[in-house]
Amino acid sequence: MSNHRISGAALVPAWVFLLVPFAGLVLATLMWAGNAVIGRGLRDAYDPLQLTFCRWSVASLFLYAANCKAIKAEWRHAQRNLGRLWIGGACGMAGYHLLQYYALAQMPASNVAVIVGITPLTVTLAEATLRRAWPRPAVVFGVSLGLGGVWLVCCGNGVAAGPGDRSWAGIAAATAAMLCWSLYSMRTARCEGLSPATAMFFMSFISSLMLLPFFLYDLIAAGMRVPNLLVGAQLLYLGIPASVLAYVLYDRGIEKVGKVIGAQFNCLIPAFASALATIFLGETLAKTQVVGLIAVVIALNIVLLGKAGERHD
């Protein structure tokens, strides 16, 4: 009986077993791209602080409701990982998304997605500086190509849509968001004794606590729009699919296919964001911007594959 099962499994092509994690990785990047498009679409309804606070408050409530037993059981381990959790909450969630939504209020979603998407390039440069070891020529070429691609996307049709000062402010905010995510990527590792879902709850809860005083002041000073059904659905999307489900799908995909292959799917985020922004927001890309977008996607693949080769040496 067991021999029959083994022979039957052997007849199934290997790609069939990879189809589910690959589909999950594609869906995760699509959800993250949707975050940029919705953030841009809601820029007139909510300010960046309100969007960021609502996103991580909803995520915290959802994570606690879905995982409350594990959170209570792992509470004592959170104290040992408080430093990492604070870095994750401050840089990876509160700071990163606050800056990202500010950038989205100033410039097109495709531009912001491309700038934020070059995080692997900046992490590569930072790691090389800290190690005092120059990366491979192919990696250097990839970084240079990516930076050139970003310039074409941001400046290929003028600096961006809208007044120049606002556009440069958007570029600065998107760059700062990218640097926040780079710091988060370099400094935050797996928290000992905490499951990924529990660690994410504590980081999202910390980010909500950090933003709460500023949110309350903003609420008193400027008020906040009561969402209708459509806007409410978009806010829920930011808090659950884009903040929780995408991370779960991405982590599980990485477990199945490995970090090297899984990281390649991040290159889809700028492309997906540009396509979704064209469909739902009516944004357009000039030919030079399309060339820049392609250059960024290629550069990210070159850098990620080059880094994988360095680790094997």
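How many residues does helix α8 have, and what span does α8 reach from its first C-alpha to its last? The legends below start with that helix in this predicted model.

**Figure 1. Helix α8 from end to end.** Running through residues 137-155, α8 has 19 residues. From its first C-alpha to its last, α8 reaches 27 Å, close to the 27 Å expected at 1.5 Å a residue.

**Figure 2. The two sides of α8.** Let's look at burial along this helix. V139, G142, V143, G146, G149, V150, V153 and C154 are the residues of α8 that are buried. Seen down the helix axis, these buried residues fall within an arc of 125°, so they line one face of α8. On the face turned away from that buried side, you will find the exposed residues P137 and W151.

**Figure 3. The whole chain, for orientation.** Here we step back for context. The secondary structure comes to 15 helices and zero strands. Of the 313 residues in the chain, 48% are buried. Among contacts with a separation of 6 or more, 88% join residues 24 or more positions apart. The chain exposes about 15800 Å², and carbon and sulfur atoms supply 70% of that area.

**Figure 4. The largest nonpolar core.** This core has 73 residues, and the members that touch the most others are L51, L85, V112, I115, V150 and M200. Helix α2 (residues 14-41) gives the core its largest share, eight residues.

Figure 5. Which residues does L51 contact, leaving aside its neighbours within four places in sequence? The partners are G39, L42, Y46, Y101, L235 and L238.

**Figure 6. A salt bridge between E283 and R40.** For charged pairs there is one salt bridge to show. The side chains of E283 and R40 meet with an N to O distance of 3.8 Å. E283 sits in the loop between α14 (268-280) and α15 (287-312), while R40 is in helix α2, so the pair ties together parts that are 243 residues apart in sequence. Are these two partners buried or exposed? E283 is buried, with a relative accessible area of 11%. R40 is buried too, with a relative accessible area of 11%.

Note on methods. Residues numbered from 1 in each chain as written. Predicted model: local features only at pLDDT ≥ 70, side-chain atom pairs only at ≥ 80, totals over all residues. Heavy atoms only, no water. Helix = DSSP H or I, 4+ residues; strand = E, 2+ residues; numbered from the N terminus. Expected span 1.5 Å × (residues − 1). Buried < 20%, exposed > 50% of the residue type's maximum accessible area, 1.4 Å probe, protein only. Arc of directions from axis to C-beta. Contact = heavy atoms within 4.5 Å. Areas by Shrake-Rupley, 256 points an atom, 1.4 Å probe, with all protein chains shown as cover. Core = buried A, V, L, I, M, F, W, Y, C linked by side-chain atoms within 4.5 Å. Salt bridge = Lys/Arg side-chain N within 4 Å of Asp/Glu carboxyl O.
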